[in-house]
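Here are a few exercises to work through with the model open beside you. Each one has a task, followed by a solution in steps.

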Amino acid sequence: MKFSISREALLRPLSLVAGVVERRQTLPVLSNVLLMAGSDGLALTGTDLEVELIGHAELDELQTAGSATVPARKLMDICRSLPEGSIISLALEDGRAVLRAGRSRFTLSTLPAAEFPNIEQSKQDAEVTLPRKALKRLIDATSFAMAQQDVRYYLNGMLFELDSNAVRVVATDGHRLALAESRNELTVSDLQRLILPRKGVLELGRLLDDSDEPVTLVLGPNHLRARTGGYVFTSKLIDGKFPDVNRVIPKGGDKRLVAERGELRQVLARTSILSSEKYRGVRLYLEDGNLRVQASNPEQEEAEENVAVDYQGSGLEIGFNVGYLVDVLNVVGTEQVVMTLSDSISSVLLEAATSDDNAAPEFSARYVVMPMRL
Amino acid sequence: MTKILHADCDCFYAAVEMRDNPELRDIPIAVGGSAEGRGVIATCNYPARTFGIHSAMSSAQALRLCPHLTVIKPDFERYREVSAQIMAIFRELTEWVEPLSLDEAYLDISGVERFKGSGTWMAQWLKAEVLRRTGITVSIGVAPNKFLAKIASDWHKPDGLFVITPEQVDAFVAELGVDKLPGVGPATAQRLKQMNISDCTELGRCSLSILVDRFGKFGHRLYELSRGIDRRDVKVHRERKSISAENTFERDLTPAQVIAQELTPMVDKLAARIDRHGTPASSKIFIKLRFDDFTTTTLESSAMLPSITNFTELFERAWQRGQRPVRLVGVGIRLLDAEHSRQLALFGAPL
């Protein structure tokens with residue numbers, strides 16, 4: 001294997017692929033990236049056995065086709081620190097990868113390409129195509145609520161539900177829940193449900209942008225594959241039963257308030273400075289036209305703020321982990337946010353405030369946050 | 001005025017065995033694991049104690065001291081039943097009962113009006129009722145706080161009753177050896193000895209700043225204990241801090257043997273226990289290793305699932321610390337504390 005490539009052509013696919021590679025590996029070859037140089041360019045593969053990403057880069061010149069695996073992070077760090085516009089040549093010499101650029105030379109260890117594992121192709125149930133921006137919007141609106149290393153392993157991921165006219169995603173860590181829906185014509189006959197693991201969600205999100213370029217999802221019983229812009233992303237799925245979401249979306253809330261999203265977010269963020277570091281509890285006092293936010297910590301320090309809200313009705317005192325509220329306010333896309341509450345031990349529903357009463361908007365998101373006992 | 005009662009059954013497991021089989025009453029018996037394996041003595045009766053046998057001693061060692069010792073396999077089901085009966089009697093006196101184990105509990109009797117509020121009478125009643133209804137003798141200590149009550153229950157064991165009134169606290173504590181204080185083990189006792197401190201009178205002369213300097217947070221506790229002060233309340237809902245499963249192997253194992261044979265059943269057992277406790281939220285997983293030289297090490301890792309993969313990795317890292325044959329392995333999860341449970345959960349089950 002011997003080729004040359006411009007630093008800029010290599011850097012983006014390399015950093016995306018290296019992102020999949022875990023820092024700590026049991027199998028040495030898993031900390032490497034697989035490089036395959038051929039007449040159609042350079043294919044780069046990174047995997048952690050759960051998520052696999054194949055990227056593609058155009059070569060400047062191909063001298064000898066071939067393949068090798070080299071340490072992913074080292075290769076990326078070297079390429080990143082080379083001067084802009086560098087032309088990088090990479091050659092396999094006596095079992096080592098020699099990288100040259102200008103007057104620099106780096107000799108990297110390699111492992112045989114044959115040792116590199118690939119995720120087994122599985123049966124395909126459905127294939128759908130939608131714009132990148134639609135999928136990105138779904139992930140961006142909900143991924144913060146995924147659990148992390150929870151014992152309930154099925155929460156450490158995102159539920160995808162696809163039918164012929166919409167994609168719905170749900171993420172929850174058991175304390176708060178984010179649900180988003182994007183209306184798209186899809187080529188599926190039956191409802192498809194799958195749980196994509198947390199890492200797969202985050203890596204998939206990095207491949208997407210706000211463009212109308214297509215992303216094709218291939219749904220299998222154990223895998224999800226996504227193809228877009230020369231990248232092929234494959235992730236194992238979580239085999240488990242996701243909790244029934246409809247059961248936890250509050251319906252009987254009689255206290256509906258509208259707040260300026262940016263202002264409320266700032267008020268909460270400021271107040272949280274003096275909430276207990278570990279539990280981040282804040283108290284909200286809702287009254288006619290006003291929301292009072294109060295926080296205190298074990299050092300007896302206190303913060304209090306008032307923010308005008310559109311509300312008429314009976315008062316309510318309720319506690320929340322301020323982080324959960326701020327997370328939602330960070331991703332709601334509108335100027336105003338609607339909060340629907342019922343009592344101090346029931347969840348709050350947060351939604352974007354939309355002016356038109358469109359029955360089926362192109363995109364919608366709802367958030368449920370459970371309170372803290374005061 | 002706070003009044004705490006500490007009740008401790010006398011050689012509980014052995015007492016249950018003797019109650020159910022009177023032939024065992026006057027011969028040395030012990031409840032514990034078998035001497036062929038790595039069994040240890042959990043409890044032994046008083047005849048056995050005259051041979052120098054005590055709990056936590058290996059069964060093999062106990063049999064060397066007393067070759068005609070009868071070692072009985074523990075029947076925890078039965079002990080739990082008797083324990084529940086005893087705790088129920090405690091609760092007839094007050095709802096403020098904090099069980100410490102199957103055979104031991106603190107009772108906050110400050111507000112009890114029966115028996116004219118007399119701790120001595122309450123203790124006498126409890127001892128008589130427990131004996132009458134379950135056949136088990138209990139030793140009881142009554143004092144103005146937990147730590148003194150616990151020392152008091154041990155004072156006239158077995159079948160003991162010892163009361164420390166508020167007026168007697170100072171005199172009692174003054175005579176107390178530092179090794180009697182909760183949290184003071186051989187290592188701390190040794191360090192105190194190097195400071196020429198062996199009893200609470202000497203400890204009491206030591207300034208708070210010196211104690212905190214030498215012992216950190218525990219220094220503050222020592223300062224208070226030496227003055228007979230213990231601010232701990234009786235906790236009716238005792239908080240579980242961890243869930244774990246551990247196993248002492250029949251013989252010492254290599255790390256490869258532990259991983260191949262022992263870890264999976266242990267992690268399965270842990271999973272079943274986590275399940276039984278309603279899958280509470282955990283903050284960490286941990287592994288405990290005891291090597292063949294009895295050195296013990298614990299390694300934790302935050303925000304990890306209690307999976308076989310994670311425990312294997314943790315085990316390998318922990319083993320590097322000793323690099324010797326392994327005698328015991330324990331796996332477990334640390335639970336998030338109560339403050340966290342103020343956060344309500346979306347999906348029914350307690351988190």
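A polar contact is a pair of N or O atoms within 3.5 Å; within protein, one must be able to donate a hydrogen and the other to accept it, and residues adjacent in sequence count only if both atoms are side-chain atoms. This is a predicted model, in which local features need pLDDT of at least 70 and side-chain atom pairs count only at pLDDT 80 or more, while totals for chains, interfaces and linings use all residues. Residues are numbered from 1 along each chain as its sequence is written, chains are lettered from A and ligands numbered from 1 in the order in which they are written, and side-chain values use heavy atoms, with hydrogens and water left out.

**Exercise 1.** Describe the interface of chain A and chain B, starting with polar contacts.

*Solution.* 
- Step 1: the rule finds 4 residue pairs in polar contact across the interface, with both residues at pLDDT 80 or more.
- Step 2: the side of chain A that touches chain B has 11 nonpolar, 6 polar and 7 charged residues (Ala, Val, Leu, Ile, Met, Phe, Trp, Tyr, Cys and Pro count as nonpolar, Asp, Glu, Lys and Arg as charged, and the others, Gly among them, as polar).
- Step 3: 24 residues from chain A and 20 residues from chain B take part in the contact (heavy atoms within 4.5 Å).

**Exercise 2.** Find the residues with the most contacts inside the largest nonpolar core.

*Solution.* 
- Step 1: a nonpolar core is a set of buried Ala, Val, Leu, Ile, Met, Phe, Trp, Tyr and Cys residues joined through side-chain atoms within 4.5 Å; buried means under 20% relative accessible area, exposed over 50%, partly exposed in between (1.4 Å probe, protein chains only).
- Step 2: the largest core has 101 residues, and L42(A), L135(A), L217(A) and L268(A) have the most contacts inside it.
- Step 3: helix α1 (residues 7–20) of chain A gives the most to this core, with 7 residues. Helices (H or I, at least four residues) and strands (E, at least two) are DSSP runs, numbered from the N terminus.
- Step 4: beyond four places in sequence, the residues that L268(A) touches include V282(A), L284(A) and V293(A).

**Exercise 3.** Why does S6(A) count as buried?

*Solution.* 
- Step 1: S6(A) lies in strand β1 (residues 2–6) of chain A.
- Step 2: S6(A) counts as buried because its relative accessibility is 19%.
- Step 3: neighbours within four places aside, S6(A) is in contact with D60(A), S86(A) and I87(A).
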